[in-house]
2 protein chains.
Amino acid sequence: MRGLRLTRPRRLILEAVRDTDVHPTAAFVYRRVRRRLPRVSLATVYRNLRVLAAEGVLAERADAGGLRFDGNAEPHDHFTCIGCGRIHDVPVRRGRAVRARLAAQTGFEVLNHRTEYFGRCGDCRRQGGRPSPKGQRRS
Amino acid sequence: MRGLRLTRPRRLILEAVRDTDVHPTAAFVYRRVRRRLPRVSLATVYRNLRVLAAEGVLAERADAGGLRFDGNAEPHDHFTCIGCGRIHDVPVRRGRAVRARLAAQTGFEVLNHRTEYFGRCGDCRRQGGRPSPKGQRRS
DNA sequence: GCACTGTTGATAATGATTACTAAAAACGTC
DNA sequence: GACGTTTTTAGTAATCATTATCAACAGTGC
């Protein structure tokens with residue numbers, strides 16, 4: 001984290017992302033930060049989420065519903081439950097081997113890769129039935 | 001492809017997606033279709049891209065720049081070149097094993113997974129240097 | 001032809017994200 | 001701690017992608 005001033009809005013934004021496990025959207029972070037800093041601006045939230053992501057303090061990811069942020073900046077994969085919509089972190093799988101194989105097959109230089117899993121989490125499996133509508137909800 | 005009328009706009013939209021290798025956005029498809037059907041509406045393009053994706057004729061995917069469509073509806077992974085921005089199809093890797101392992105570790109039922117690779121394609125490697133700005137361009 | 005159903009084009013509405021700007025805060029220097 | 005400089009902020013307008021609405025139209029079967 002090179003020269004990066006930790007102003008109060010910035011710190012609260014970072015804490016909001018880290019203190020939840022929902023891989024929040026900007027709107028979610030905004031609602032959270034507003035509890036402690038009611039006059040914060042939505043633009044400030046967006047701006048700082050991008051700044052913090054550029055610094056590598058946060059990770060940024062796009063999914064079907066838009067932009068999401070992740071307080072865990074270490075490499076890891078994601079599992080999205082189609083029942084409740086929650087996104088869980090899962091340990092990243094193999095490293096070099098897959099990249100080397102793809103490179104050999106295609107001539108691409110693979111610098112990075114990320115896997116997304118989709119399915120049903122333990123809770124939703126126990127409840128049986130099909131995905132509840134609330135699963136589609138954004139947060 | 002169950003009962004799905006192949007109207008002229010719909011057919012042209014499908015062809016536009018299939019006749020390119022760029023994994024186009026809706027705007028790109030719109031521009032293409034307009035060449036042959038100048039009065040087509042952007043809403044028609046969006047509507048039918050969704051319809052065709054729902055039918056399984058096309059695949060829909062979200063990335064940092066928004067929605068993209070893929071004429072290849074078979075399971076496969078993607079390699080995104082950070083140099084030129086192009087997205088290449090790559091064969092999907094192993095199937096069952098990885099899902100089973102994750103299920104055992106977490107209790108999740110994994111129904112599907114998808115891997116995104118990032119790196120530099122053959123052309124961009126040969127040209128050396130760092131990513132060209134045009135790489136960020138949308139199409 | 002006539003009723004019925006699905007599709008279209010045009011445009012308005014929505015929602016997320018970004019740009020802009022004047023004021024406030026943080027900093028370094030004296 | 002006042003002063004000039006730089007960064008950051010709040011507030012708001014602007015932009016952009018996507019979706020909704022709806023009247024007109026086309027296709028089908030009777």
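Buried area here is the accessible area (1.4 Å probe) that two parts lose on being put together, summed over both. The views below come from a predicted model, where local features need pLDDT of at least 70, side-chain atom pairs count only at pLDDT 80 or more, and totals for chains, interfaces and linings use all residues. Residues are numbered from 1 along each chain as its sequence is written, chains are lettered from A and ligands numbered from 1 in the order in which they are written, and side-chain values use heavy atoms, with hydrogens and water left out.

**View 1. Chain A against chain B.** Together the two chains bury about 2600 Å², with 64% of that on carbon and sulfur atoms. On the chain A side, F108(A), E109(A) and F118(A) supply 22% of the buried area, more than any other three residues. Counting contacts (heavy atoms within 4.5 Å), 31 residues of chain A meet 31 residues of chain B.

**View 2. Strand β5 meets its counterpart.** β5(A) pairs with β5 of chain B (residues 109-120) in the antiparallel sense, over eleven bridges; strands are DSSP runs of E, at least two residues long, numbered from the N terminus, and two of them pair if DSSP finds at least two bridges between them. Within this pairing, R120(A) has E109(B) as its bridge partner. R120(A) and E109(B) also form a salt bridge, their closest N and O atoms 4.0 Å apart; the term takes a side-chain nitrogen of Lys or Arg within 4 Å of a carboxyl oxygen of Asp or Glu. Between the chains there are two salt bridges. β5(A) gives twelve residues, the largest share of the chain A side that touches chain B.

**View 3. The β1-β2 hairpin of chain A.** Two residues link β1(A) to β2(A) in a hairpin. The strands run antiparallel, paired over five bridges, and R61(A) has R68(A) as its bridge partner in β2(A).

View 4. R39(B) puts a polar side-chain atom 2.3 Å from a phosphate oxygen of the DNA. For T44(B), a side-chain N or O atom sits 2.8 Å from a phosphate oxygen. R5(A) has a polar side-chain atom 3.4 Å from a sugar or linking oxygen.

Terms used:
Helices (H or I, at least four residues) and strands (E, at least two) are DSSP runs, numbered from the N terminus. A polar contact is a pair of N or O atoms within 3.5 Å; within protein, one must be able to donate a hydrogen and the other to accept it, and residues adjacent in sequence count only if both atoms are side-chain atoms.
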